[in-house]
Structure formats: C-alpha cells, structure tokens
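Hello,

Here is the structure I promised to pass on. Please have a look at it first; my notes follow below.

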Amino acid sequence: MAGYRRVVNDADRAAAAEARTATLDRLHAQLSEGILGLNDPQAWHAWLKFASQFHRYSFGNVLLIASQRPDATQVAGFNAWRTKFKRSVCKGEKAVTVTGVAPTTTQSRSAAERPAKARSRSTAWVSASCRG
C-alpha cells in the first residue's frame with residue numbers, strides 16, 4: 001500500500017518513548033553489571049577472548065552480547081542472515097539487543113541548534129542451530 005501512513009497520536013508517541021527509555025535503562029544496567037564483572041583478571045581474560053570474535057562492535061555492545069548470549073559466535077541483523085549468510089532465523093528465536101546511533105535527518109540549522117545524536121536500540125540475531 002504505497003502512500004499509507006498510520007496516524008499516530010500523542011498517547012502512542014508517549015508510550016513508544018516510555019518503552020524506548022525502559023529498554024535503554026535495562027541495557028544500561030546490563031552494561032554496568034558487565035563492567036563491574038570485569039574486575040577479576042580471569043573474567044577480563046575471558047572477555048578479551050570473547051571480544052576478539054566481535055572486533056567490529058563497540059566495547060559496550062560486546063558486553064551486551066556477552067551478557068545476553070555468552071555462547072554467541074556470530075551476530076548479524078535479520079536481513080544479513082538471509083542475504084549475506086544464506087541462513088534463516090528460526091521461528092521463536094530471541095534477538096540480542098545492542099545500542100547504536102540512530103540516523104536522523106535535520107534541516108539546515110546552526111551547530112548550536114542541532115540536537116545531539118540520539119542513542120537507540122537495535123536488534124541482532126546470534127548464530128544458533130534450529131531444532132525442528
């Protein structure tokens with residue numbers, strides 16, 4: 001349906017903003033716990049070994065991946081699994097949530113008026129075998 005756009009009211013926007021805030025707060029708590037857990041030299045060594053598999057991800061996102069799926073070997077978005085890896089995501093699989101910078105479009109404004117880049121959540125799926 002080209003041109004169809006769902007009408008969103010203020011209550012829906014507020015609920016979506018509240019849900020985003022709750023998710024980001026949960027992710028922040030997971031990051032804090034992960035950082036505190038790296039005080040032990042053995043835990044630091046294990047994290048470095050884990051992080052070596054995800055060198056393209058930020059420190060925080062590697063901590064989030066490790067806290068949500070310590071057995072992860074590859075992480076990619078839904079479409080990347082289909083197109084790049086020629087694999088399918090199993091029905092019922094849960095995504096790993098990581099943070100990322102949300103691309104925004106702004107009108108021509110002075111540097112002082114431009115909003116800072118917002119952090120948002122994005123999802124990725126980890127490699128796992130489908131049991132069917």
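Let me start with Lys86. Lys86 counts as exposed, because its relative accessibility is 67% and the cut-off for exposed is over 50%. Keep in mind that this is a predicted model. Lys86 sits in the loop between helix H4 (78-83) and S2. Its backbone stands out too. Phi of Lys86 is near 55 degrees, a positive value in a residue other than glycine.

Ser88 lies in that loop as well, between H4 and S2. Ser88 is exposed, because its relative accessible area is 58%. The C-alpha atoms of Ser88 and Phe78 are separated by 8.2 Å. Along the chain, these two residues are ten apart.

Now the overall layout. The chain has four helices and three strands. Reading from the N terminus, the order is α-α-α-β-α-β-β. There are 132 residues in the chain, and buried residues make up 22% of them. The chain exposes about 10,200 Å². Carbon and sulfur atoms supply 53% of that area. As for contacts with a separation of 6 or more, 60% are between residues 24 or more positions apart.

Next, the core. The largest nonpolar core has 15 residues. Those with the most contacts inside it are Trp47, Phe50, Phe54, Val62, Leu63, Ile65 and Ala72.

- Val62: leaving aside neighbours within four places in sequence, Val62 is in contact with Trp47, Phe50, Ala51, Phe54 and Tyr57.
- Ala72: this residue is found in the loop between H3 and strand S1 (75-76).

Is Ala72 buried or exposed? Ala72 counts as buried, because its relative accessibility is 3% and buried means under 20%. The C-alpha atoms of Ala72 and Gln53 are separated by 9.2 Å. Those two residues are 19 apart along the chain.

The largest pocket has a volume of about 250 Å³. By type, the lining residues divide into six nonpolar, four polar and two charged.

Best wishes

Notes. Residues are numbered from 1 along each chain as its sequence is written. This is a predicted model: local features need pLDDT of at least 70, side-chain atom pairs count only at pLDDT 80 or more; totals for chains, interfaces and linings use all residues. Side-chain values use heavy atoms; hydrogens and water are left out. Helices (H or I, at least four residues) and strands (E, at least two) are DSSP runs, numbered from the N terminus. Buried means under 20% relative accessible area, exposed over 50%, partly exposed in between (1.4 Å probe, protein chains only). Contact means heavy atoms within 4.5 Å. Accessible areas come from the Shrake-Rupley method with a 1.4 Å probe; for residues, only the protein chains shown count as cover. On a 1 Å grid over the protein atoms alone, a cavity is a set of points where a 1.4 Å probe fits but cannot get out, and a pocket is an open set with protein on both sides within 12 Å along at least five of seven lines; lining residues have an atom within 4 Å of a point. Grid points are joined across faces, edges and corners, and a volume is the space filled by probe spheres set on the points. Ala, Val, Leu, Ile, Met, Phe, Trp, Tyr, Cys and Pro count as nonpolar, Asp, Glu, Lys and Arg as charged, and the others, Gly among them, as polar. A nonpolar core is a set of buried Ala, Val, Leu, Ile, Met, Phe, Trp, Tyr and Cys residues joined through side-chain atoms within 4.5 Å.
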